[in-house]
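Student: Could we go through this structure together, starting with its open spaces?
Tutor: Gladly; here it is.
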Amino acid sequence: CALQCQRFLISKVGEDWVFLILLGLVMALVSWAMDFAIATCLQAQKWMYGGLDTNVLLQYLAWVTYPTVLITFSAGFTQILAPQAVGSGIPEMKTILRGVVLKEYLTFKTFVAKVIGLTCALGSGMPLGKEGPFVHIASMCAALLSRFLSLFGGIYENEARNIEMLAAACAVGVGCCFAAPIGGVLFSIEVTSTFFAVRNYWRGFFAATFSAFIFRVLAVWNKDEETITALFKTRFRLDFPFDLQELPAFAVIGIASGFGGALFVYLNRKIVQFMRRQKTINRFLMKKRLLFPALVTLLISTLTFPPGFGQFMAGQLTQKDTLVTLFDNQTWAKQGLSDEFEYLGILEAWRHPRSNVFVTLVVFILMKFWMSALATTIPVPCGAFMPVFVIGAAFGRLVGESMAAWFPDGIHTNSNTYRIVPGGYAVVGAAALSGAVTHTVSTAVIVFELTGQISHILPVMIAVILANAVAQSLQPSLYDSIIRIKKLPYLPELGWGHHEKYNVRVEDIMLRDIHYVTPNCKYRDLQHILQSTKMKSLPLVESAESMILLGSIERTQVGALLSQQLSPQRRLLALRQKVLAENEHRPSDASIRFQVREMAASGDARTGCPPPPSHHPLSPTADQHRDLLRCPHPCLPPQAPEASIEAGAQCPSREPGRMTPAEILEWEEQQLDQLVDFSSAKIDPAPFQLVEHTSLHKTHTIFSLLGLDHAYVTSIGRLVGMVSLKELRKAIEGSLTAKGVKVRPPLASFRDS
């Protein structure tokens, strides 16, 4: 019975749902533990700052040193343990899900570096996010779990399946970060994949829902919450959330967020490029790696110091507190004397005696904008979603407060008067700006799950779609921008305004001059091909005349064939055969034999070699053979004991071994002139092929769906060219030259005629 139970359990461990439950559970625990640690860090900073309220200088020192130490530690720790953990992680996951293998990206070492580095970075109170890194952490979790469960055998060794699990993990990452399973699944699909296999849909939902549930249950268990609620609960009125006449204001938020999002991506990229292009700065920062993060942190924390400039931008609030206050459903601006608004609790931060709330909000938006763009370039694990989300909320709040000041009694409809709710505008702004930066529409759903209210669904959708429309026509998404900066292999989207792409064909962009292998080529040809090209796989054609494509062979296979042909083992074998042949044909040379026997019988006085055994002077036992090999032999010149083996041919009692360099060269030349034996090589009999007239659009679709990095172009079976990711990328991005003149494809005029 026990055996049967065990068998049943092990057969079930291989199933998806066990894996997904484990993944959800582990990620919820990680997320909750990190949130707890981050909250503790931030609390400690507040406590230090509050305890020194007698001396402003000491307060300033505490306020600045604390984040600087944390960020520097985070940067140093990740640099030493796993530099791959730096940054967001979504760009890399996008590349991995395309089928590209990135070394060391999903290892345990990177996992530890990412978790600890991220906790310190967020605990410092810098404007950084945790959502991108969480996608990476969840993916590493999935990879490590797969590796662990593959001990139980079976399905986990399959590579295609691991990619499916990574797709589910990306959803879990977002889901347990915001406790937003639905938005998380949609967001991960939008961000990481061009094409998505619907069969992975339930996996993502199942794991993300489980993860979000456990994440919120832990909060209840820790007595942070009374029951499972949204992270940033809002209390907008439901009977009349907004007036139809407010929709233009929401649309304005959307369009402005589109421009803002594009500007953010542009600014972020320019900062990185500036650092890289300035040779002196670059060299200095490469030597002192921890200096840049420390300086940036110093600058940002100095500016947010509450008694200093921070008083104009709610400096002492953490990101979470900021969001809670921005989503507040009371109006902050004074509306007449009758209802003086009381700033209670953390709302106090937004009030300034000498300026009104509009100034504070404008300063907050402008300062946080460049701070976040700068902070996300620090080499620590960090995302950019949260800071952008907060900036968007502040912008929405600003528009909402302006509307409330403009229409103090609300927009009149018939007899009822409904005041304007600026918190609603903040929700719309947050969704719109974060959607514009990441080029996603699912931020709308994430916002509903974060606030727990769906009352503003229409304005949010309008604003997000408008923001996307503007941002996509101006800049790539933040993640694509990082992929370009890091030079990861990728395929740009066929975006808007690419109509001229539809009449570009494969023949216009393919490489015509390609190196190929034929079945009757020599090893010398293989050597020449390996030296002259860096292609990962080589086409195998019938002959140079017919060029009929037979298949393709990996570069590693070609290298293996070549190194096998020139291997030292084969050289030794050839040498032995040569010696044996010479021994058979040699006339008996009595004098040498006599001399050898005489020396062997007495042992060599000069070198202390033992005599061979008495039964036959020329057949030593194994041990004595070793001793003999150690002694320089009398038939060799005394100055060259090492040459003894190579001259094995002159010594009948010597095992043959090495050749002189000249002989080796001569032997290699002979070997290279032989015909290649392909019988041991793995040849792909059906590599991916396109025809010359395939359109660029179709090629793009095929490459993204199948995750190809190259395809051969054939014409009636004959190989005529090859297209790789590089050519495709140039064709899509190079449609407009720098001056904005449209380039006609090289064969267009010929085709027209």
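Student: Which helix gives the most to the lining of the largest pocket?
Tutor: H7 does, with five residues, and in this predicted model such lining totals use all residues, whereas local features need pLDDT of at least 70 and side-chain atom pairs count only at pLDDT 80 or more. Residues are numbered from 1 along each chain as its sequence is written, and side-chain values use heavy atoms, with hydrogens and water left out.

Student: How much space lies in the largest pocket?
Tutor: About 1400 Å³, and of the 50 residues lining this pocket, Arg98, Gly99, Val100, Gly707 and Leu708 are the closest to its centre.

Student: And what lines the second largest pocket?
Tutor: There are 36 lining residues, with Asp35, Ala39, Leu231, Phe232 and Lys320 nearest the centre, and helix H2 (16–51) gives the most, with nine residues.

Student: Switching topic, at what angle do H4 and H8 pack?
Tutor: Helix H4 (residues 90–97) and helix H8 (residues 181–192) pack at about 70 degrees, with their axes 9 Å apart, which makes H4 roughly perpendicular to H8, a term that covers 65 to 115 degrees.

Student: Which residues meet there?
Tutor: Ile90, Lys94 and Leu97 in H4 meet Phe187, Val191 and Thr192 in H8, where contact means heavy atoms within 4.5 Å.

Student: Is threonine 110 buried or exposed?
Tutor: Threonine 110, in helix H5 (residues 108–123), is buried, with a relative accessible area of 0%, where buried means under 20% and exposed over 50% with a 1.4 Å probe and protein chains only.

Definitions and conventions. Axes are lines fitted to C-alpha atoms, for helices over the stretch in contact, and angles run from 0 to 180 degrees between N-to-C directions. Helices (H or I, at least four residues) and strands (E, at least two) are DSSP runs, numbered from the N terminus. Angles under 35 degrees count as roughly parallel, over 145 as roughly antiparallel, 65 to 115 as roughly perpendicular and the rest as oblique. On a 1 Å grid over the protein atoms alone, a cavity is a set of points where a 1.4 Å probe fits but cannot get out, and a pocket is an open set with protein on both sides within 12 Å along at least five of seven lines; lining residues have an atom within 4 Å of a point. Grid points are joined across faces, edges and corners, and a volume is the space filled by probe spheres set on the points.
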